[in-house]
Amino acid sequence: MINRKITLLGPEGTNLYVIFQFLLFNVISWFTLFNITSELSFSLENILVRQIIFTILGLIVFFFFTYIPISNIISLSNILMISSTLLLLGVLFTEESLGARRRYDLGIFDFQPSEFTKVVFVIFIANALSKKNNNFLTIGLVITNLLLIYIQPDLGTTVILLLLVFFMFFLTDIKFKNIVAFSLLTFIAFFVLLEFNLVNTFQIDRITDFYSNEVKDFSQQQSRLQISLGGFLGENLSNTSNIDIFVPVQTTDFIFSSFSKSFGFLGCVILLSFWSIFGFRVYSLIIKTESNFEKFLLSGFMILLYLQIFINIATVLGLIPLTGDPFPLLSLGGSSIIAISSIFGIINRIFIENNLVI
Amino acid sequence: MFNKYRLNSVLILFSIFSVVIFSELFVLQVLDNEENAQQIENQNFEVFYIPAARGEIFDINGNKLASSILEPYLFLNLKKINEDNKKTYTQLIQFNFKEISNSEIEEFFKSKDLFIKIINLSQYDPEIRIRLLDFEAFEVFNLPTRFYPYNELFSHVIGYVGNPNKDEQNNFPNSINNKLVGKTGLERYYENIISGTASEVIVQNGNIVEIKPSVSGKDIQLVLNTKTQNVVKESLQEGIILANKNFETTNMIERGAVVVQKIDTGEIVSMVSLPDFDPNQFVLGISEFDFKQLNRTQAFNNFAIQGLYPPGSVFKVVAYWLALNEGIFPETAINAQDYIDCEGSLSFGFDDGSKQVYQDWKPDGHGKVNLSQAMKQSCNVYFWDIALKIWRTFGNTDSEALLQEYSKQLGFSSLSNIDLPFEKEGVVPDRELFEEWTISRPELVRPEGWLGGDLMNLIIGQGAITTTPVQVSNAYRTLLTGEKSSPFISLESSNNIIEKINISDEFVKFLLDDLNLVTNPGGTAYRSFQIMGDQIFDIGGKTGTAQNAGDLNNTSWFVGVDSISDPKYIVVTVVEEGGSGSAVAAPISRRIIQHLRESELTPVEFGEITE
């Protein structure tokens, strides 16, 4: 690796595009949250103030990872995976809130370790795939983490991580019959869990209800109506009368619904176009870089981000059952923003190390 | 190896996802927009609120002083009642709950609420509950009930809860949906923390579509000690009974308060005010008769923070501090050790030509006294001499209010900011206040305005000055530590600013020694503390007897300090119309100090009448 001069915006040759994209997504989130609360007060209770603080923390994390060489991240991957396991174990001993143990209460904000696990999973699997060290310990750690998240219980995150593992394996030269075997094994494992009553029936009921009932879930029904209210231009541009509608968890899981109401179909197209442009730029980087690890890492990150976006929008639209996954960089929530900031920081670093600069 | 072609196929798969999402969004937002907007306008949601469980309150040893019990209640969904099924539901209620009368059932159906509470199910067979839930208009919700296991013991500190009025609804938004608000005490002070957010039951056309769970209030940890509280209340009650036996007063002696404060931290270990009340009475609703009766006896006043009394001789400690700090002593004394002659009265002339004679409580006088002896025997003449010295030196100048400044330093005439609501601040009079009163409350002042005699009254804690027991306790604590901070009952308290006061270790030692003299042979409180044997040499205090206007008996005060070698606690006792401080308040404090020192408790006995 070439020794680089350290500058204010990162090592020499910082790619301004990534930071611009990161900030843009954050600012969109601020506007969306402002449309929900429409109150300005400087207290930690105010969701907009909270989100801005999270963005600033996110920026610090972004630059932190920009200064860390990729080679260091490779060597840290095992430690990261073990600490993720410990954090997920610890969270099981915290106080239950709303029927699950998912977060550490850190006073003014909560830390959700499963968000950290998402990032660590990509790094760990990318490292394992590029070195081809698919030994039992590697697989054991992955399965342990999945189980720990599953028993929180957090079915949404478990599904996302399972799909992530699936897609990342798919990107190797692994034979199709092995992929089929992997999927079959997952299914069998699931039914074994079901048989031994280790599955939270509440979550299964939600899924079976979804596909058996004609009537959609109440909150999804409401969010569909709210999205519809946005029209083509959105409430902000098209002076329509402000109709209030009740949607649960507006600021987190269902934020896309408020976004669509505020900015309309046009806003949705623009937001998703930005994500596509970002995807294509990273795609060109995947093609350009010669390191296998970086290829796996970048594709893993993009698959993770897109899966979250797709699943979140599909939930809000009522196409799939309720999962409770946040929309990257749009939903209110410190852990999610910090985790995604680290992804953007690492991507930025890879751009720099490959001399892809604007 | 990384397979680029497979990445491309993932890309294609994701593109298909995007197309699906965009087409769905397009249909919803552009094609069906009008239709859905119409549908939303036809939506009419109604919300029914279920109160959240209030946070529980614990004493320092983890005893629960206020609890929230969740119990299942049967509700009737009135939107689902029509003329056809009304009869069925009436019969169901009659059959299962014999104690509900027919007229009560009629009332249920007349209610305009979404749901009406029928009965608490916790006493009934769970079978009934399951059977009734088969009928669609029945619902079961858990409702919290406030319970105070110690009944009257903590009534003033913890306070009680009740229905919020308009002002309370504005100040405490949670109280609207909880239909409950803290009315006094900690329940009021920490209302925002302790109340929690009510659960929302969202109803559309009579059907429950969503239940947003409630958020329980936060638990509160106190520094109070239940054992001490018990002893304090018993002792105060015993003292009041004795006072009634020994004095012939026109009014029953029934009011008093005690504050026990830790010296190092300022935390309140115990706070009792009598008469008290049972806060549980308010939970189910108190009858107007009972309420008025309690109100007549002033049972809702927490005299520890709201009782305004002239402090009498316990206030002499301010002049004591001033004298040593400024070097101001009686005219004939050079220093604190120097003696003056106390002949039992003081007569003097003022500049304006008036001449007055002041009579000490001991007609024959205390003989030779210096500062320490004046404290020990509570000699008024010595302190009047100091007042005269101040008046002659600074009277009618800018520095005139020297004594007032010293008392304000110790927190008199301002709120102690203890974590309780409705605290009173009292007054320390000076020329300005008298001028103000001449206009606003002319009945309180003489036309001549502020005179030297008023300063002489003030120095012995008489006249217009009023203080609360908690102020007195905190003032003594400030003098003994050199730190002024707010006393507190809960660990949630955020008033933790500490103001440093310039007090030397030497002064603290001197003061402790002189407070010790009060409980020793020859001191005003000796008779009350005698029973403790050798322990009296490690205990200190100050008696106070404040005169009241009219034929009211004197206010009885005692400030106890335990111990002299290692000052840990201050015990302030006040008995309204309790007479001499050394006779009533001192033995009450003595029994409390016995408890604090873990000695054997002996009954409160009537002490010596002094002052």
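A: In strand β20 of chain B, Val561(B) is the bridge partner of Gly540(B). Two strands are said to pair if DSSP finds at least two bridges between them. Strands here are DSSP runs of E with at least two residues, helices are runs of H or I with at least four, and both are numbered from the N terminus.

A word on the background: this is a predicted model, in which local features need pLDDT of at least 70 and side-chain atom pairs count only at pLDDT 80 or more, while totals for chains, interfaces and linings use all residues. Residues are numbered from 1 along each chain as its sequence is written, and chains are lettered from A and ligands numbered from 1 in the order in which they are written.

Back to our strand. β20(B) also pairs with strand β21 (residues 569-575) of chain B, in the antiparallel sense and over seven bridges. Here Asp562(B) stands opposite Tyr569(B). Together β20(B) and β21(B) make a hairpin, with six residues between them.

How well is β20 (residues 555-562) of chain B covered? Eight of its eight residues are buried. Buried means that 20 or more other C-beta atoms, placed from the backbone, lie within 10 Å of the residue's own; 12 or fewer is exposed, and anything in between is partly exposed. Both faces of β20(B) are covered, with Thr555(B), Trp557(B), Val559(B) and Val561(B) on one side and Ser556(B), Phe558(B), Gly560(B) and Asp562(B) on the other. For the whole of chain B, 44% of the 611 residues count as buried.

Let's step back to the rest of the chain. Chain B has 24 helices and 21 strands. Its largest nonpolar core has 113 residues, and those with the most contacts inside it are Val258(B), Ala387(B) and Ile459(B). Such a core is a set of buried Ala, Val, Leu, Ile, Met, Phe, Trp, Tyr and Cys residues joined through C-beta atoms within 7 Å. Helix α17 (residues 380-394) of chain B gives the most to this core, with nine residues. The core lies between domain 1 (47-221) and domain 2 (226-596) of chain B, because both give residues to it; the domain bounds come from an automatic or database domain assignment. Leaving aside residues up to four places away in sequence, Ile459(B) touches Ala319(B), Phe383(B), Trp384(B), Ile386(B), Ala387(B) and Leu403(B). Contact means that the C-beta atoms of two residues, placed from the backbone, lie within 7 Å.

Another sheet of chain B is worth a visit. Three strands form an open antiparallel sheet in the order β1-β8-β9. Its edge strands, β1 (45-50) and β9 (207-212) of chain B, each pair on one side only. Six bridges link β1(B) to strand β8 (residues 199-204) of chain B, and Tyr49(B) stands opposite Glu200(B) in β8(B).

Finally, the two chains meet in a contact that takes 27 residues from chain B and 35 residues from chain A. On the chain B side, α1 (4-31), α2 (33-41) and β9 each supply at least two residues, and α1(B) gives the most, with 13 residues.
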